[in-house]
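Dear colleague,

Here is the structure for your files. My notes on it follow below.

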Amino acid sequence: MADQLTLRLTIADPVQGLHYSLQDPKNAPVDIRVSGGGPLSFDVTVTLRPDGTLGGSFVRREGKERRFVYIAVAGQAGQTDSIGQVISRRAKIDVHEIPADLLQPGATLEATLPGRSKDGTPACATVRPLGPWTRID
């Protein structure tokens, strides 16, 4: 049987007024939040498999090793107004790079993510944490 842990994905500076959410395996938004400009956090329960990889309903895979979670933004997060029709992105958060010594059953691990690209628009594509993953429990 596999063990579970929690990944807390905190967006440090989301764009105010945009919708943010997790994205399920069918690309549907889950846990939609509207940014007020302050940090937003999403908790994702993941499964630590016996081989040391992470799985679960929000963990996607690419190739043999890459595992990631999507955070959807604006249109991808279900925002249907004119902004959501113009901005429709998602951020790919790699979880296969979390140090193995942090992957303990029952732990809560946090990564702080940038919410904006250099041009001020929402961060998208592969988004790297601003610092190392940390255990917060």
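A search of the whole structure, which is a predicted model, turned up one aromatic pair. Its members are Phe-68 and Tyr-70, whose ring centres lie 5.1 Å apart with the planes at 70°, so the arrangement is edge-to-face; the cut-off for that class is over 60 degrees. Both partners are shielded from solvent: Phe-68 is buried at 3% relative accessible area, and Tyr-70 is buried at 9%.

Tyr-70 also has a charged neighbour. The charged end of Arg-90 sits over the Tyr-70 ring, 3.8 Å from the ring centre. Elsewhere in the list of contacts of this kind, Arg-33 lies over the face of Phe-42, at 4.7 Å from the centre of that ring.

As for the fold, the protein has eleven strands and one helix. Read from the N terminus, the order is β-β-β-β-β-β-β-α-β-β-β-β. The radius of gyration is 15 Å, against 14 Å from the globule rule for 137 residues, so the protein is as compact as a globular protein of that length. Along the principal axes, the C-alpha atoms fill a box of roughly 45 × 30 × 25 Å.

Some totals for the chain. Of the 137 residues, 42% count as buried. The accessible surface is about 7,100 Å², and carbon and sulfur atoms account for 50% of that area. Taking contacts between residues at least 6 apart in sequence, 64% join residues at least 24 apart.

Regards

Conventions
Residues are numbered from 1 along each chain as its sequence is written. This is a predicted model: local features need pLDDT of at least 70, side-chain atom pairs count only at pLDDT 80 or more; totals for chains, interfaces and linings use all residues. Side-chain values use heavy atoms; hydrogens and water are left out. Rings of Phe, Tyr and Trp (its six-membered ring) pair if their centres lie within 6.5 Å; planes under 30 degrees apart count as stacked, over 60 as edge-to-face and the rest as tilted. Buried means under 20% relative accessible area, exposed over 50%, partly exposed in between (1.4 Å probe, protein chains only). A charge sits over a ring if NZ of Lys or CZ of Arg is within 6 Å of the ring centre and within 35 degrees of the ring normal. Helices (H or I, at least four residues) and strands (E, at least two) are DSSP runs, numbered from the N terminus. The radius of gyration is taken over C-alpha atoms; the globule rule is 2.2 Å times the number of residues to the power 0.38. Contact means heavy atoms within 4.5 Å. Accessible areas come from the Shrake-Rupley method with a 1.4 Å probe; for residues, only the protein chains shown count as cover.
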